[in-house]
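Let's take a friendly walk through this model, beginning with the whole chain and ending at a single residue. Keep the structure open beside the text as you read.

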Amino acid sequence: QVQLVESGGGSVQAGGSLRLSCAASGYSTNCMGWFRQAQGKEREGAATTYTGGGRTYYADSVKGRFTISQDNAKNTVYLQMNSLKPEDTAMYYCAAGRSACQKRLYGPLSRVRFEYWGQGTQVTVSS
């Protein structure tokens, strides 16, 4: 099993920044990522990383504004979010995968490739 604990959410004005953290414990993981779910919408991949941070992927909507990084020594993945917009408002979930990471028939931002999920942290961006 893998346990994930997120922190760092909150409220910020448009144009501001937040950094989310996710500490993983238990078994080692092969991929980690951040997904988000706005009210009334499906959960979508925002940013993911594979092979200990060697490969990163971003949704078009966050590219150039969000940065995912991984500290392997601390088993922690971060999401630095800059130039936040009201449309970034959502519950953000940390996710991790082991064997599911290898499901290459699915894109790198697909939920299918992640088996473990955190409880979520709310990010609210006001205009």
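## Overall dimensions

The radius of gyration is taken here over C-alpha atoms, and the rule for a globule is 2.2 Å times the number of residues to the power 0.38. Please keep in mind that this is a predicted model. For 127 residues, a compact globule would have a radius of gyration near 14 Å, and the protein chain agrees with that at 13 Å. Along its principal axes, the C-alpha trace spans about 40 × 30 × 25 Å.

## Fold and surface

Among contacts between residues at least 6 apart in sequence, 58% join residues at least 24 apart.

Of the 127 residues, 42% count as buried. The accessible surface of the protein chain comes to about 6600 Å², and carbon and sulfur atoms account for 45% of that surface. As for charge, there are 14 positive and 8 negative side chains, with the centres of the two sets lying 5 Å apart.

Strand β4 covers residues 31-37, and six of its seven residues are buried, so the strand is largely enclosed by the rest of the structure. The cut-off behind this is that buried means under 20% relative accessible area.

Which strands pair with β4? One is strand β5 (residues 44-50), which pairs with β4 in the antiparallel sense over six bridges. In this pairing, R36 stands opposite E44 of β5. The two strands form a hairpin with six residues between them, and G40 in the turn has a positive phi of about 80°. Another is strand β9 (residues 90-97), again antiparallel to β4, over seven bridges. Here W34 has C94 in β9 as its bridge partner.

## A look at C22

C22 is found in strand β3, which runs over residues 18-26. Is C22 buried or exposed? Its relative accessibility is 0%, so C22 counts as buried.

Which residues does C22 touch, leaving aside its neighbours within four places in sequence? C22 is in contact with L4, V5, E6, M32, W34, N75, T76, V77 and C94.

Methods. Residues numbered from 1 in each chain as written. Predicted model: local features only at pLDDT ≥ 70, side-chain atom pairs only at ≥ 80, totals over all residues. Heavy atoms only, no water. Buried < 20%, exposed > 50% of the residue type's maximum accessible area, 1.4 Å probe, protein only. Contact = heavy atoms within 4.5 Å. Areas by Shrake-Rupley, 256 points an atom, 1.4 Å probe, with all protein chains shown as cover. Lys, Arg positive; Asp, Glu negative; His and termini not counted. Charge placed at Lys NZ, Arg CZ, Asp CG, Glu CD. Helix = DSSP H or I, 4+ residues; strand = E, 2+ residues; numbered from the N terminus. Pairing = 2+ DSSP bridges.
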